[in-house]
Amino acid sequence: MKARKSKKRAPSFRKLLKTSKVKLDNKLKNKQYKQQSTAKKYRKEQRKLRQAVKDVVSKKPLPLDDGKRIHRAQRTEEEEEEEEALPLDMMDEDDLQLLKDLGQMPSFLTRDLSSSEPIHVKKRKQESIIEKYEKVPRRLQTEPEKEVIHLLPIKDKCGIIPQTREKPVVSINTNEDEEQEEMELEEVVSENPMPKLTTEEYIIERRRKLQEKKIHIAALASAILSDPESNIKKLKELRAMLMEQVPDVAVIVRKLVMVSLMELFKDITPSYKIRPLTEAEKTSKVRKETQKLREFEEGLVSQYKFYLENLEQIIKDWKQRKLKKSNVVSLKAYKGLAEVAVKSLCELLVALPHFNFHNNIIVLIVPLMNDKSKLISEMCCEAVQKLFKQDKLGHASLGVIKVISGFVKSQNYVVRPELLKSFLYLRIKEIEVKKDTEDINAPRKFMYYKEKRKSLSRMQRKWKKAEEKLERELREAEASESTEKKLKLHTETLNIVFVTYFRILKKAQRSPLLPAVLEGLAKFAHLINVEFFDDLLVVLHNLIESGELSYRECLHCVHTAFHILSGQGDVLNIDPMKFYTHLYKTLFKLHAGATNGDVEIVLQCLDVMLTKRRKQVSQQRALAFIKRLCTLALHVLPDSSIGILATNRSLMHTFPKTDLLLDNESQGSGIFLPELDEPEYCNAQNTALWELHTLRRYYHPVVQRFASHLIAGAPSEGSEALRPDLSRRSATELFEIYSMKTMTFNPPVISTNPSKKDKISHVESYLNEDLSQLIRTHCNETTSQLPLDFTRYFKTSGL
């Protein structure tokens, strides 16, 4: 039991966890202080003992001459002491023996015997003072406490041993040393400064660095193109150059790397989408060629993803105007980098619609279509339009339309009109229509199992199964999507487009998006369901009557309404007289200024309203429009005049009785009222097309030709007939061909460079005529009777 009690038990790990760190440190310090105090006391006692021995040894013997004198003095002292002290006769032998023993002890030798105090009184006082001093808490100069990281404990035979590790702390001395070293280095640099380069030397050095970077980029790109599967890892090296840190060439190198990577991905990307491998495919054993192809595809997809992330980050930095810590690229250079990044994304959007992350590119591009920068917005819109034009199936178009529709709604319809104008480039001509009973009961290509079992024998079922399997394999081998799938995609796309259009018509009627919406409705009107026609026409008429729309938007409303009525709307019994009246009223708002370009919309409206609906148009209405169009041709530029005269030509062919406008005699009662806005009641049959005679003397040759042709009654043969290049083209095509956007003569004026002799002869003939006229007036004689030769006269005079 005693052995067990004497053996100390190791503290448990739980007890160690409960004990705080400060308490453990205090225990350790107290133990150290006790050891130091005991050692100090022991050294003090040893020092006193050595001093007492030295004093006894160093005492010298007395001289003999002074012995009597000293003896007398000692006697006198002894006598005095005897008087004061007790007589020795009265002391026992034991007491004398004790005094002798005490006299031999060192403490007895060092003690002042004259004092009557006890022997150990001073020692006790000193010890009490020391104990009090030790009990007072005091601060010692200790090292700074080191932070400890607690590790998992170790279990041993003796018990659980806690494990700790000191956390490395950077000492102040090392920092001071480093600062001193830096100061020394700066002093060395200041003593030996680098030679400053001149402007010419700096440009040469920059060109050298840039040439080295270009060669490196070209080498990496050529290696990847030569063998993509083996050198796919070099894509990472090339992509790392997007973070170029040399300030002189950082911007140009990053732009070159972005464009190079974009071209590389366009070249080495396969024509199919790469899917991730399943767990079973990863664990299965494959051939070396297959494994190599898998590694190539995996590396290509990962690098393509990182490249797109880098482009996105460049655009974000430009948008947020964030300056990097490295300060390699200035804020002004961010815009140039962002433009190249957007250009690369647009190229990948158009070139790789089938590859991975195409939807991610769409999500990046669509918000940039509404960017404040006109250049970036135009680039993104052009890319989306190209994608719509080349997308035959409709997968990519559907993805873009979904994102655009959601973006327009999220922005509360406050976006650029170019976003909705891009819808006009969709390649949608057919959609799924509700099937009739005949279509529903149409025979299927494949038979159900029960039908086969009833109608076919076992051998026939076997052959039928093989035939169906072969048809499926052939369809997959051809890689041609079925018409049904294509129609389904087009139907879904057009539904989203119409939802966007109708939302704007309902909620944002004053939005600048309205012309784009109306233009889109006009294009896809033949695909709108007939059930919506009545409501849509009412909405368009209310928009026009509200008076809040501009004349251009009103023209779009009219154009949309007649597109709806010219297609499936023929079956509806609707009189669009109000739309005719509005167009007739709006024509005189056009002129040769800023509104000249809107003549194209008018020409399209007239074609739909009058030419294609000839059976529903009265003669009075046709006469009124022809007269007003001829008047309008005098107020616009030559391209618009040509288009208007070409429209009048087609109307004269469509309505032959309108040739009465070429006659001066009026027919019927009434007077022509040009200021009246109702084409049916303006009495246009009582007027004539006198404007054609004015246009006959127009400066543009094509306008002259059209005016002469119409005056002659628009013949198809004879001297007044038009050339084939004019007669076979529509009014809209002629308007575009003879466009005046560049404000130059179209066609250009034929420049003739007459010689000097021709100029002199021209002047001579002109002067001869004038002078002969003068002489005739004064002499009343004819030209043949004049005696003077004016030609010879002017030659001699030097003219």
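**Close-ups of a predicted model**

At 6% relative accessibility, cysteine 554 counts as buried (buried means under 20% relative accessible area, with a 1.4 Å probe and protein chains only). This is a predicted model, where local features need pLDDT of at least 70, side-chain atom pairs count only at pLDDT 80 or more, and totals for chains, interfaces and linings use all residues. Residues are numbered from 1 along each chain as its sequence is written, and side-chain values use heavy atoms, leaving out hydrogens and water.

**View 1. Cysteines without a disulfide.** You'll find zero disulfides here (a disulfide is a pair of cysteine sulfur atoms within 2.5 Å). For cysteine 380, the nearest cysteine sulfur belongs to cysteine 346, 4.2 Å away. Cysteine 380 is buried too, at a relative accessible area of 0%. Back at cysteine 554, the nearest cysteine sulfur is that of cysteine 557, 6.1 Å off.

**View 2. Hairpin of E1 and E2.** Strands E1 (residues 148-155) and E2 (residues 160-166) run antiparallel, joined by six bridges (strands are DSSP runs of E, at least two residues, numbered from the N terminus; two of them pair if DSSP finds at least two bridges between them). Isoleucine 154 has isoleucine 161 as its bridge partner in E2. Four residues sit between the strands, and glycine 159 takes a positive phi near 150 degrees.

**View 3. Helices H22 and H23 packing.** H22 (residues 483-507) meets H23 (residues 514-523) at about 135 degrees, with axes 10 Å apart (helices are DSSP runs of H or I, at least four residues; axes are lines fitted to C-alpha atoms over the stretch in contact, and angles run from 0 to 180 degrees between N-to-C directions).

Key. Buried means under 20% relative accessible area, exposed over 50%, partly exposed in between (1.4 Å probe, protein chains only).
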